[in-house]
Amino acid sequence: MSAAVNTALRVCVAGASGRMGQMLVEAVRDSGDCTLTGALDIAGSPAIGQDAAGFGGQASGVPTPAALPAGLSGSQFLIDFTRPEGTMAHLRECAKLGVAVVIGTTGFTDAQKAEIAQIAKQIPIVMAPNMSVGVNVTLKLLEMAAKAMATGYDIEIIEAHHRHKVDAPSGTALKMGEVIADALGRDLKECAVYAREGVTGERDPSTIGFAAIRGGDIVGDHTVLFAGTGERIEITHKSSSRTTYAQGSLRAVRFLAGKPAGLYDMFDVLGLR
């Protein structure tokens with residue numbers, strides 16, 4: 001029994017009192033090979049000083065301290081699905097402590113992404129806009145489809161999320177656009193169209209369009225439309241629960257165990273590279 005505890009992967013969860021945080025806390029506790037050893041939350045949160053699993057009506061024996069180093073102490077891995085500013089602060093501390101990080105946060109600026117790449121020279125990091133295994137398999141399918149339909153097809157990406165999501169398009173939608181653009185030899189920054197209004201003129205066939213829907217409690221729906229003459233292909237992924245993100249995050253943790261410093265993604269984790 002003691003050997004199993006000693007070899008368990010020691011995981012800290014950021015934003016532990018949030019919806020995704022509680023899902024991660026539960027997933028870590030229910031796993032057979034990971035143990036919850038830390039929890040982080042924003043300053044002033046009611047969760048500070050409370051049990052990390054308390055918001056779920058359970059007891060983990062792991063408190064949520066106010067100080068960042070205390071929250072990470074004793075952990076080998078941090079799973080972070082918070083906001084860019086919080087994730088960056090967590091990353092800097094993890095670099096000091098040698099803690100590997102799984103990042104599911106989205107909405108980073110180019111400057112923040114550059115800093116993450118620099119920190120990845122010190123510690124191993126898995127960073128992906130979506131940790132779902134199904135979404136990442138979908139990305140691989142999109143890569144294949146884009147190469148096969150490089151000409152004669154207009155590409156549109158439609159995503160829908162709950163009313164509380166603060167960034168648009170979603171990180172997953174942007175990743176889909178990046179994968180498709182790369183497969184076509186294009187730069188997404190130059191070919192993306194994020195809004196249409198008024199007299200826009202005919203559609204430029206070299207562009208990739210985005211549409212974002214926000215409402216209710218939609219966990220996350222993504223559809224990529226390849227529209228040609230006489231036919232269209234739609235590749236869709238729908239999430240009905242955040243459980244898929246939590247389980248994918250644990251796969252990323254297991255992947256990072258023993259890995260050298262570097263910036264990895266879910267294609268690496270799933271062997272889809």
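Reply: A residue counts as buried when its relative accessible area is under 20%, as exposed when over 50%, and as partly exposed in between. The model is predicted.

Me: Is Phe-210 buried or exposed?
Reply: The cut-off for buried is under 20% relative accessible area. Phe-210 has a relative accessible area of 5%, so Phe-210 is buried.

Me: How many aromatic pairs does the structure hold?
Reply: Rings of Phe, Tyr and Trp pair if their centres lie within 6.5 Å. The number of aromatic pairs in the structure is 2.

Me: How many residues apart in sequence are the parts that the pair of Tyr-194 and Phe-210 ties together?
Reply: Tyr-194 counts as partly exposed, at 44% relative accessibility. Tyr-194 sits in the loop between strand 7 (192-193) and strand 8 (208-214), while Phe-210 belongs to strand 8, so the parts tied together are apart in sequence by 16 residues.

Me: Where do the buried residues of helix 5 fall, seen down the axis?
Reply: The buried residues in helix 5 (110-119) are Gln-112, Ile-116 and Ile-119. Seen down the axis of helix 5, these residues fall within an arc of 60°, so they line one face of the helix.

Me: Which exposed residues does the face of helix 5 turned away from its buried side carry?
Reply: On the buried side, the residues of helix 5 pack against helix 4 (84-97), as well as strand 4 (100-103), strand 5 (124-127) and strand 11. The face turned away from that side carries the exposed residues Asp-110 and Ala-111.

Me: What separates the C-alpha atoms of Leu-72 and His-90?
Reply: Leu-72 is found in helix 3 (residues 68-72) and is buried, with a relative accessible area of 1%. Leaving aside neighbours within four places in sequence, Leu-72 is in contact with Cys-12, Leu-40, Leu-78, His-90, Glu-93, Cys-94 and Leu-97. Leu-72 and His-90 are 18 residues apart along the chain, and their C-alpha atoms are separated by 9.0 Å.

Me: Which element gives the most to the lining of the largest pocket?
Reply: The largest pocket holds about 1100 Å³ of space. Its lining has 42 residues, and those nearest its centre are Arg-19, Met-20, Phe-81, Thr-82 and Arg-83. Helix 2 (19-30), helix 4 and helix 7 each supply at least two lining residues. With 4 residues, the element that gives the most is helix 4.

Me: How many charged residues does the lining of the second largest pocket have?
Reply: The second largest pocket has a volume of about 750 Å³. Its lining comprises 27 residues, with Phe-108, Lys-113, Met-127, Leu-174 and Glu-178 nearest its centre. Helix 7 gives the most to this lining, with 6 residues. By class the lining has 13 nonpolar residues and 4 polar ones, and the number of charged residues is 10.

Me: Which element supplies the largest share of the lining of the largest cavity?
Reply: The largest cavity has a volume of about 70 Å³. The elements that give two or more residues to its lining are helix 6 (133-148), helix 7 (171-184) and helix 10 (266-270). The lining includes Val-135, Asn-136 and Leu-139. The largest share, 3 residues, comes from helix 6.

Terms used: Residues are numbered from 1 along each chain as its sequence is written. This is a predicted model: local features need pLDDT of at least 70, side-chain atom pairs count only at pLDDT 80 or more; totals for chains, interfaces and linings use all residues. Side-chain values use heavy atoms; hydrogens and water are left out. On a 1 Å grid over the protein atoms alone, a cavity is a set of points where a 1.4 Å probe fits but cannot get out, and a pocket is an open set with protein on both sides within 12 Å along at least five of seven lines; lining residues have an atom within 4 Å of a point. Grid points are joined across faces, edges and corners, and a volume is the space filled by probe spheres set on the points. Ala, Val, Leu, Ile, Met, Phe, Trp, Tyr, Cys and Pro count as nonpolar, Asp, Glu, Lys and Arg as charged, and the others, Gly among them, as polar. Buried means under 20% relative accessible area, exposed over 50%, partly exposed in between (1.4 Å probe, protein chains only). The arc is that of the directions from the helix axis to the C-beta atoms. Contact means heavy atoms within 4.5 Å. Rings of Phe, Tyr and Trp (its six-membered ring) pair if their centres lie within 6.5 Å; planes under 30 degrees apart count as stacked, over 60 as edge-to-face and the rest as tilted.
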